[in-house]
Amino acid sequence: MKIKLDRTMCDGFGLCAKHAPAYFPLDDWGYASLEGDGTVAAADQDAVKRALLDCPVHAIIEMRERTRTAAG
């Protein structure tokens, strides 16, 4: 699982940090940032998905892998 955080959408509710603090530390003003490159370890996926689903402004986005199709 890979995610990204749109900091321009974040309103500082802090629910993401409550569910997955290792991935969403809060800055001095209470806004989330994304720790690391967005790759979520298998053991942490439930907590990060809960953070994604609970974000009231949908600032956390799950990145889907593209699948290639055969040309022809």
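R50 and D54 both belong to helix α2 and stand 4 residues apart, so about one helical turn separates them; their side chains meet in a salt bridge with an N to O distance of 3.2 Å. The term salt bridge is used here for a side-chain nitrogen of Lys or Arg within 4 Å of a carboxyl oxygen of Asp or Glu, while helices (H or I, at least four residues) and strands (E, at least two) are DSSP runs numbered from the N terminus. The model is a predicted one, in which local features need pLDDT of at least 70 and side-chain atom pairs count only at pLDDT 80 or more, whereas totals for chains, interfaces and linings use all residues. Residues are numbered from 1 along each chain as its sequence is written, and side-chain values rest on heavy atoms, with hydrogens and water left out.

**Salt bridges**

By this rule the count comes to 3 salt bridges, and they are set out below.

| Pair | N to O distance |
|---|---|
| K2 and D37 | 4.0 Å |
| R7 and D27 | 3.3 Å |
| R50 and D54 | 3.2 Å |

K2 lies in strand β1 and D37 in the loop between α1 (15–19) and α2, so this pair ties together parts that are 35 residues apart in sequence. The pair of R7 and D27 likewise links distant parts of the chain, with R7 in the loop between β1 and α1 and D27 in the loop between α1 and α2, 20 residues apart. Accessibility is classed by relative accessible area (buried under 20%, exposed over 50%, partly exposed in between, with a 1.4 Å probe and protein chains only). On that scale D37 is exposed at 52%, while K2 is partly exposed at 36%.

Leaving aside neighbours within four places in sequence, V48 is in contact (heavy atoms within 4.5 Å) with M1, I3, A20, Y23, F24 and V40. V48 and L26, by comparison, are 22 residues apart in sequence and 15 Å apart in space, C-alpha to C-alpha.

A nonpolar core is a set of buried Ala, Val, Leu, Ile, Met, Phe, Trp, Tyr and Cys residues joined through side-chain atoms within 4.5 Å. The largest such core has 16 residues, and those with the most contacts inside it are I3, C16, Y23, F24, A32, V48 and I60. The elements that give two or more residues to this core are β1 (2–5) and α2, with α2 giving the most, 3 residues. I60, not counting residues up to four places away in sequence, touches I3, K4, L5, C16, F24, A51, L52 and C55.

**The cavity**

A cavity is a set of points, on a 1 Å grid over the protein atoms alone, where a 1.4 Å probe fits but cannot get out, and its lining residues have an atom within 4 Å of a point. Grid points are joined across faces, edges and corners, and a volume is the space filled by probe spheres set on the points. The structure holds 1 cavity of 30 Å³ or more, and about 110 Å³ of space lies in the largest cavity. Of the 16 residues that line the largest cavity, the closest to its centre are C10, F13, G14, C16 and C55. The lining divides into 12 nonpolar, 3 polar and 1 charged residues, where Ala, Val, Leu, Ile, Met, Phe, Trp, Tyr, Cys and Pro count as nonpolar, Asp, Glu, Lys and Arg as charged, and the others, Gly among them, as polar.

Definitions and conventions. On a 1 Å grid over the protein atoms alone, a cavity is a set of points where a 1.4 Å probe fits but cannot get out, and a pocket is an open set with protein on both sides within 12 Å along at least five of seven lines; lining residues have an atom within 4 Å of a point.
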